[in-house]
Amino acid sequence: MLITNVETVPNKVILKHFGLVYGSTIRAKHIGRDFAAGIKNIFGGELRGYTELLTESRAEAVKRMMQQAHSMGANAIVNVRFSTSSVAQGAAEILVYGTAVMVGEHG
Amino acid sequence: MANLIIILLFLVIGYMTGTYFEKKHYRSIQERERYFVGMPARSSHWKLDIPSGIDVTLVCGGVVVASDYFKNFAATLRNIFGGRMSAYESLIDRGRREAILRMKEQAARWGAYEIINVRVETSTINSSSNKSKGMPMVELFAYGTAIKRSRNSNA
């Protein structure tokens, strides 16, 4: 599955549009990570636990989006956008959305 | 009195370690930025002519940063008088550069020579309404479309 965040896939033509597909996930951090982050707040700098958590959730959101596109019969997703919002204390929602398309070779 | 001493101790520790790590991080960022100077990340779409025989993929990089105790204290003071919060400015700046570098590292592993249509976003992880845990935790996230020459192209 080809994923890009521009409107097309270069050197390919879009044969069919399937419309919007998206994947989202809400993850909470566990208490150990929260505690480590509390200590880290004295020293500052990167919070690796959180970086990992968000990377994992983002990969999962992309996977869900790809499953949705796949079930529609698409072979590429174009114009992908990410968005993050904190829904509650200690929980973040990751949303990824794009347009599912069918692409093919020129001519 | 004991509380005051503890707060002062935290301030000193926060200032020393925070400054040390920030300098170290900036050195590492500058070094890696020089290394990736040949791989531009542009926020525009394409060059005017799309080169034929290229492959694309989505690449992204993210980092969560937090301020240290001293910066937090300095920012609280700044909140009274208003103005530039330079303590947080440098924090967000190095987070963003780190996110872009991670994106470039992922692209380099894949074999890309350029990244187009780069988008950078900032989001707060902990809600600032909670005062007791109001330490700013910010995620900087960058993503874009990486381009490489496809192997089976005769262009």
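Me: Given that two strands count as paired if DSSP finds at least two bridges between them, do β1(A) and β4 of chain A pair in the parallel or the antiparallel sense?

Reply: This is a predicted model, in which local features need pLDDT of at least 70 and side-chain atom pairs count only at pLDDT 80 or more, whereas totals for chains, interfaces and linings use all residues. Residues are numbered from 1 along each chain as its sequence is written, with chains lettered from A and ligands numbered from 1 in the order in which they are written. Helices (H or I, at least four residues) and strands (E, at least two) are DSSP runs numbered from the N terminus. A:Leu2 has A:Ala76 of β4(A) as its bridge partner, and over 2 bridges the sense of β1(A) and β4 (76–88) is parallel.

Me: Which strands of chain A stand at the edges of the sheet?

Reply: The open sheet has 4 strands with mixed pairing, in the order β1-β4-β5-β2. Each edge strand has a single partner, so one of its sides is left without a neighbour in the sheet; these strands are β1 (2–3) and β2 (13–28).

Me: How many residues does chain B give to the contact with chain A?

Reply: Residues are in contact if their C-beta atoms, placed from the backbone, lie within 7 Å. Chain A gives 29 residues to this contact, and chain B gives 40.

Me: Which residue of chain B stands opposite A:Glu46?

Reply: β3(A) pairs with β1 (54–66) of chain B over 2 bridges, in the antiparallel sense. Within β1(B), the residue opposite A:Glu46 is B:Val65.

How values were computed:
Two strands pair if DSSP finds at least two bridges between them. Two residues are in contact if their C-beta atoms, placed from the backbone, lie within 7 Å.
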